[in-house]
Amino acid sequence: MLHNNIYLKTGLIYLANLLLVLIIFSNTTIAQCVNDSGNYWNKSWLSCYTSPNPNPVRGNTHWLLYEFHQPESINETHIWNANRPGESTIGIQTAIIDYSVDGTTWQNMGTFTFPKANEQTDYEGFAGPSFEGIFVSKILITVENTYSNSSCASLAEIIFQIDPDACYGTIDICGVCDGDGESVFYEDSDGDGLGSPDIFISSCTPVAGYVDNAEDHCDNGLLGWNEVSTIFSNNGCMGCHGDLALGGLNLSTYDSAVQGGNKCGSDIMTGTTLQNIIMIDSYAGCGTAINFPSMNQRSGGQIDADELALIQTWIDIGAPEDCNCLPGASDSDNDGTCDTIDDCPGFDNQIIGTPCDDGIVCTVDDVWTTACDCAGQAALDSDNDGVCDIEDAAPGDPCTADGIIDGVEPNEWIALSTNDCDTDGINNSNGDIDDFSPCINHEGLVSSVACNCAGDAYIAGGQFAGQTGLSGSYWQSDGMPDGLMESYIDGAGSLQLSFPHMSVGEEICITLGFQYLDSRVIFTLNNNVGTFINPAGLDNYQAQQICIKTRTEGEQLLTIESYDDMLKVDGSSYTYCPCSLADPNFNGPDCRCPYEKLGASGNYVSNLGIDTPNNAAGEPDGIFTGDMVDGDQLILNFPNDINPGGQVCITLGFDSQDNMVKFKMGNDSIYRSNPSGDATYAPQEICFINKTGDPELIIEKKGSGIIRIDAATYNYCNECPDGAPKYIDLHVALEGAYNLELNEMNTALNTYGLLPGQTPTSAFAAPTPAINPYSNTPWNYTGTEGLGWNHSNYIGDETDWIMVSFRTGIDKNTEIARTTGLLNKEGRIRFPDPCALPSDDTPLYVVIEHRNHLGIMSPEPITIERNILNYDFKRKNSYIDITGFGQKQLPSGKWAMYTGDANQVIDVISYEITGADKTIWLYTNGIFQQYMIPDFNLDGDVNGGDKVLWFDNNGVSSRVPK
């Protein structure tokens, strides 16, 4: 049971509750206290007017704010939507949930869908999002829309599960939350209850032979005034001889005690005088007798023989104030503390413990210490980030002390090892290189789709890879979900789907249906096993989606098994960046040779059960073969010299939206469903990559219905003279063209038709000759890429031409090849010449040059793997030596080539940005709509904006050998 106080705020209304439901009508607030399983629907929170949201970015909205007395560790939640009769339609459909510790800095938890209530009295609500134990003081629910999109919004109840034992702070070595750690215990060798300050140990619990004070300066049986005065105090002597000082004797302090009283004066500390006064009735050793009876009898006979002996021993050694300072001991600084025990020679010990000011803002209770200095206690630092709350603009957030989470903080600020400020799942203790960028982890720039091409991501489905114990239409699991589910998977069967090369943490989503509400499925992804219990609570094979994350980098194989009951699979999906290793068409001509694709058409070989099969040969002409039904087969072939990676495209028609067709080339089988759903034999095209290089294509119809084939064509890359080419998959960014808001480079030169050979869009612009831009000095490149090109040769996403060379070593004289390519807006270099690299597998250094950016080189030779030379310069800095620069890191975390190097003719030894580059800009400033080298931001104009970029980088030089 949870019994923590919860506060709700809506508009300007605050309400305290015990664990739960807050119900608000207009301006009236009503609270209920209910059990965990209570269901009361006669009242609900209702808001028909929007008001300013506590989180300013949410604007004027319907909102609820839950506030706690202190930060609490929240786990699970349970929510009851609006359930009163006739009001479920104004229940919340989607809501944004934010949370905060201080009410100023808000963290977004996400947008959530609230299932609609059923308006039944036994309505049990639904499990809300889990906060997974994070500490919060405020939970803000902002209504996005309701089930009727009316002007009113309503909610019935929310329960938050709070962990009362969670520690909002630091657990010390003794297991205590915000504890002080181990205590210090001092040795008490003489057993007098007082410890020696010189011999001590640290422990969480008391230790035998040690005490918790350091009050015995002579832990050897000798006494000083502290010890003797304790005997007087413990035996009732202070009642008469304390502040009352009867007979003139005051035992409150050492100085007053050694002065004695009216009778014996200072002689009280000589011989046995004090012992006689204490023990002898009517003692008259100092003249006039002291009143009968003895002092000890008057106090009840408290001082025993042992204590009396201790007092006498103390007097015999001179009645010292401190047992280490016997009479005559040296006191060089005359502060009343003999040199033997004086920790601060030359310092007035009498001011120890008195207030002072240590000059440090983040300390309190400053006093002079026994270490002879002025020091205070550390002021409260609630988030333990090294900046006390007095100076901390966000005292509850360890990710910032100035209120802005960006890593730029006061010098005192400490990045805690537990911080995960960019919420990328990698905290500082795990080595996050930049804890303020979710796209930089412990290895560098994250290669995920979200960090590289979120705005231009594509979606694809996994490929059927095999099955065990299944029959029927298991091929319908191939590709993306299309509403058609494969045959049953039971406890004895399994289904395998394959996916291309993916990074760690990417998501694969499977659409499937369960037989029963409690059915379970087992996923094995590259040997990582997980079991899911019907998460959506849908039975009778209703489709739902389950997503899992990759845990290893590389190609992915997913095995799907039923734990107990039966299930069906529709398809799967994942996202990828175009022409990345995760692109199913990565090896295809669209990615490998988009500027020089070749084509061929299929030749008829044979068939089984098809009329006019020859109609499938040649180019598409709208003339189909006869009907092809289940069991029929058509075989075509393509030129025998094709290599793996060609794109096969089949033009065909279907008579049903449920039609399926199988294509087989070599050992690779591909299943496809009716792409458009057309059922009138309208021509449509299905394309896939020939992975095996086998020239023979076998086409079969699967399941019921009819298909007809028009033609089959083949697109492929030109063959290289020395055999299979090495695929070059390189990525780089140009600082000048980079748009930080879009997280990509601009394509202005392409848009305005200013790239070599293009036709300008403006009648006033000068066209750029159709030559390679690196054919001039200082590059003097003799390749033919771009020669004679026109607008149609470009794809449309190019930023500019770029030069790439390959070296076996660091020096220029180790260069074995160079070529030019077109850099697209996302940073991928496409090469018109796919045969630039020889067929050797030697690791190579890669050098990138651009006509107005600083040249760069890979920091180490790149290994060619799987016939691919793959490297992304955006992920980390390039080659540098102790004096040179590599690349500039952008705020997004990506690295980019420095812009501003316009005069590369004078860059003889290496590359550098100097005043000579500004001079070229100066001569061309004001020229618009031309392909100019001083156009540092590549927008088609030379103006002041280019000068600003040069100014920022002036003086930067590389040490890449030219």
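Guide: Start with G786, in the loop between α9 (748-751) and β40 (798-807). Keep in mind that the model is predicted. G786 has a relative accessibility of 1%, so it counts as buried, the cut-off being under 20%. Leaving aside residues up to four places away in sequence, G786 touches A770, I771 and W801. R875 is 89 residues from G786 along the chain, and 29 Å separates their C-alpha atoms.

Now the helix α1, residues 225-234. Its buried residues are W225, E227, V228, S229, I231 and F232. After α1 comes G236, with a positive phi near 80 degrees.

The whole structure has 29 aromatic pairs. One of them joins F135 and Y168, with 4.8 Å between centres and 45 degrees between planes, a tilted arrangement. F135 lies in strand β12 (residues 135-146), and Y168 in the loop between β13 (153-162) and β14 (183-187), so this pair ties together parts 33 residues apart in sequence. Y168 is partly exposed, at 29% relative accessibility. F523 and F532 pair as well: their ring centres are 5.6 Å apart and their planes meet at 55 degrees, so this pair is also tilted. F523 is buried, at 2% relative accessibility.

Some rings carry a charge over the face. K568 places its charged end over the ring of Y541, 5.0 Å from the centre. R708 lies over the face of Y681, 3.7 Å from the ring centre.

Next, the empty space. Rolling a probe the size of a water molecule over the atoms shows where such space is left. The structure holds 6 cavities of 30 Å³ or more. The largest cavity has a volume of about 140 Å³. Its lining is made of 13 residues, and those nearest the centre are R592, Y727, I728, F831 and P834. At least two lining residues come from each of α8 (589-592), β37 (727-731) and β42 (829-830). Sorted by class, this lining has 8 nonpolar and 5 charged residues, and no polar ones.

Last, an open space. The second largest pocket has a volume of about 1,200 Å³. It is lined by 49 residues, with Q463, P584, N585, I689 and K691 closest to the centre. Six strands each supply at least two lining residues: β19 (458-460), β21 (494-502), β26 (554-562), β27 (567-576), β33 (668-673) and β34 (684-690). β34 gives the largest share, 6 residues. By class, the pocket lining has 25 nonpolar, 15 polar and 9 charged residues. Polar residues are present here, whereas the lining of the largest cavity has none.

Note on methods: Residues are numbered from 1 along each chain as its sequence is written. This is a predicted model: local features need pLDDT of at least 70, side-chain atom pairs count only at pLDDT 80 or more; totals for chains, interfaces and linings use all residues. Side-chain values use heavy atoms; hydrogens and water are left out. Rings of Phe, Tyr and Trp (its six-membered ring) pair if their centres lie within 6.5 Å; planes under 30 degrees apart count as stacked, over 60 as edge-to-face and the rest as tilted. Helices (H or I, at least four residues) and strands (E, at least two) are DSSP runs, numbered from the N terminus. Buried means under 20% relative accessible area, exposed over 50%, partly exposed in between (1.4 Å probe, protein chains only). A charge sits over a ring if NZ of Lys or CZ of Arg is within 6 Å of the ring centre and within 35 degrees of the ring normal. On a 1 Å grid over the protein atoms alone, a cavity is a set of points where a 1.4 Å probe fits but cannot get out, and a pocket is an open set with protein on both sides within 12 Å along at least five of seven lines; lining residues have an atom within 4 Å of a point. Grid points are joined across faces, edges and corners, and a volume is the space filled by probe spheres set on the points. Ala, Val, Leu, Ile, Met, Phe, Trp, Tyr, Cys and Pro count as nonpolar, Asp, Glu, Lys and Arg as charged, and the others, Gly among them, as polar. Contact means heavy atoms within 4.5 Å.
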